[in-house]
Amino acid sequence: MFLAILRSARTGDIWSEITRRDCRIVWHKLIWFPLHVPKYAMVAWFAILNRFATKDRLRRMGTDMDSVCALCADADKSKNHIFFECAFSVRVWSVVLGLCGLDRSTLSWDQELDWAVSCLKDKCLTVKLLKLAWNAFIYCIWEECYMGLFGGSIRSQCDIFYSLKEIFGFILYGRKFDRTDPTNAKLCIEWDLLD
Ligand SMILES: [Zn+2]
């Protein structure tokens with residue numbers, strides 16, 4: 001169902017909605033930025049607007065489906081649970097934050113969104129990685145939930161980290177940033193970023 005919505009949505013229409021002069025959306029720079037990955041941005045956009053076909057929404061729509069979280073088998077299948085309360089997701093996000101040099105607890109959905117909108121405004125490598133990671137995290141967790149929802153296999157957290165490193169390495173390959181800077185040097189090691 002979600003894929004159908006996603007496929008039917010035209011990027012131009014979405015961009016028009018986001019940039020309407022009478023509808024200034026504070027988070028558009030979080031998901032639409034020079035290094036953004038279109039599929040990540042679109043899924044994050046749907047998540048922020050609560051357009052996912054999660055089980056709680058499907059049930060309200062009259063669809064009878066298993067009510068447990070596909071990632072941890074918890075009874076809660078809300079957006080809040082899936083992204084930043086689920087043990088599986090919390091583990092993924094905590095490791096991602098750690099790889100970006102942040103040592104803090106995972107917050108609620110609203111708090112994580114507020115934090116990202118408020119704090120990820122710089123053009124340094126840390127912020128570039130965190131913006132990519134925030135969107136990629138939403139996409140990956142949605143993808144795993146979607147697979148689980150319809151009986152597919154769920155990737156391990158290690159597989160997700162490997163995938164993110166590979167994608168970020170590709171996106172940032174050849175980009176100029178000061179590798180002698182200690183913070184950047186550490187990020188390059190943590191994320192396996194090559195020259
Ligand atoms: Zn869960």
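Because the model is predicted, local features were considered at a pLDDT of at least 70 and side-chain atom pairs at pLDDT 80 or more, whereas totals for chains, interfaces and linings use all residues. Residues are numbered from 1 along each chain as its sequence is written, and side-chain values rest on heavy atoms, with hydrogens and water left out.

The protein contains 11 helices and 0 strands, where helices (H or I, at least four residues) and strands (E, at least two) are DSSP runs numbered from the N terminus. Of its 195 residues, 44% count as buried, a term that stands for under 20% relative accessible area, with exposed set at over 50% and partly exposed in between (1.4 Å probe, protein chains only). The accessible surface of the protein, computed by the Shrake-Rupley method with a 1.4 Å probe, comes to about 10500 Å², and 54% of this belongs to carbon and sulfur atoms. Among contacts (heavy atoms within 4.5 Å) with a separation of 6 or more, 61% join residues 24 or more positions apart.

Helix α8 (residues 109-119) has as its buried residues Trp109, Glu112, Leu113, Trp115, Ala116 and Val117. The elements that cover these buried residues include α3 (28-31), α4 (38-48), α6 (79-85), α7 (87-99) and α9 (125-149).

A zinc ion is coordinated by the SG atoms of Cys69, Cys72 and Cys86 and by NE2 of His81, at 2.2 to 2.4 Å; donors are N, O and S atoms within 2.8 Å of the metal (3.2 Å for Na, K and Ca), and sites may look incomplete because water is not among the atoms. The angles among the 4 donor atoms run from 102 to 118°, and the site is tetrahedral, a class that requires all angles of four donors to lie between 85 and 135 degrees. Along the sequence, the donor residues follow the spacing C-x2-C-x8-H-x4-C. Distant parts of the chain are linked by Cys69, in the loop between α5 (55-60) and α6, and His81, in helix α6, which are 12 residues apart. Cys69 is buried, with a relative accessible area of 1%, and His81 is likewise buried, at 4%.

Helices α4 and α9 pack at an angle of about 75°, their axes 8 Å apart, where axes are lines fitted to C-alpha atoms over the stretch in contact and angles run from 0 to 180 degrees between N-to-C directions. The two helices are therefore roughly perpendicular to each other, the term for angles of 65 to 115 degrees. Their contact involves residues of α4 including Tyr40, Val43 and Ile48, and residues of α9 including Trp134, Tyr139 and Trp142.

Definitions and conventions: Tetrahedral: all angles 85-135°; square planar, octahedral: opposite > 155°, others 65-115°. Parallel < 35°, antiparallel > 145°, perpendicular 65-115°, else oblique.
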